[in-house]
Amino acid sequence: QLASLPAEIEQLEDGRAKVVAIVVNLVKLIDFHGIDLSRFDLSGNNLHGANLSSAKLCGTKLVKANLSGADLSGADLSGTDLSGADMSSADLSSATITAATVFADANLAGASLCDTDLSSGDLSGSDLTDASLNGATITTKTVFTGAILVRTCFTKVDLTCIDLAVWRKQTKKLAQVKLGHAKLRESFKE
């Protein structure tokens, strides 16, 4: 019966939040892979270790949710509010992130954002300690104001258009960043 539950959730229109509140306690038993949870309010819920890979979470509120260790690889996070969420050690590789996706003050320590397009991402105030952004797309529109970038890995990231001197001033802490095979030409401007 649990195996059919995600399909039933996907079809509900009324009382969606009530059903999800009951189901989140069963997260370990349910596979949310590919499920459309758009516009749900899952704020404050414990989704630790949940499989949300390839899930559609457009406009979903996950404010202060526990997503530590969750698999969000390939998930569509367009317009998702992840303010203050604990996403430590979560897998967000190849996730869809737009300018409307909010990561304000999120804990992304140890998270994987490999091959994720962060060209318009706002990671203001986020803790990216030990996070891996290998192969991620970062542009001048990517915001790291107040972010903590300690031992953050930017391997194979094109940073040629980024002024790292500005980054140093804008981030809360920038230390021991790994830039292996990153493109850095003109990254330090005077």
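Which residues is serine 88 in contact with, leaving aside its neighbours within four places in sequence? In this predicted model, whose residues are numbered from 1 along each chain as its sequence is written, local features need pLDDT of at least 70, side-chain atom pairs count only at pLDDT 80 or more, and totals for chains, interfaces and linings use all residues. Side-chain values use heavy atoms, with hydrogens and water left out.

With contact taken as heavy atoms within 4.5 Å, serine 88 is in contact with Ser68, Gly69, Asn107 and Ala109 once its neighbours within four places in sequence are set aside. Serine 88 belongs to the loop between α2 (16-23) and β1 (148-150), where helices (H or I, at least four residues) and strands (E, at least two) are DSSP runs numbered from the N terminus. Because its relative accessibility is 18%, serine 88 counts as buried, a class that means under 20% relative accessible area, against over 50% for exposed and partly exposed in between (1.4 Å probe, protein chains only). The side chain of serine 88 also makes a polar contact of 2.8 Å with the side chain of aspartate 86; such a contact is a pair of N or O atoms within 3.5 Å, and within protein one must be able to donate a hydrogen and the other to accept it, while residues adjacent in sequence count only if both atoms are side-chain atoms.

The loop between α2 and β1 also holds serine 126, which is buried with a relative accessible area of 0%. Not counting residues up to four places away in sequence, serine 126 touches Phe103, Asp105, Ala106, Leu108, Ala147 and Ile148, and a polar atom of its side chain lies 2.8 Å from the backbone oxygen of phenylalanine 103. Between serine 126 and alanine 85, which are 41 residues apart in sequence, the C-alpha to C-alpha distance is 9.6 Å.

Arginine 39 is found in the loop between α2 and β1, and at 65% relative accessibility it counts as exposed. Although arginine 39 is not a glycine, it has a positive phi of about 65°. Serine 89, in the loop between α2 and β1, likewise is not a glycine and has a positive phi of about 60°.

Turning to the chain as a whole, the secondary structure comes to 3 helices and 2 strands, in the order α-α-β-α-β from the N terminus on. Of its 190 residues, 43% count as buried. Among the contacts in the protein chain with a separation of 6 or more, 18% are accounted for by residues 24 or more positions apart.
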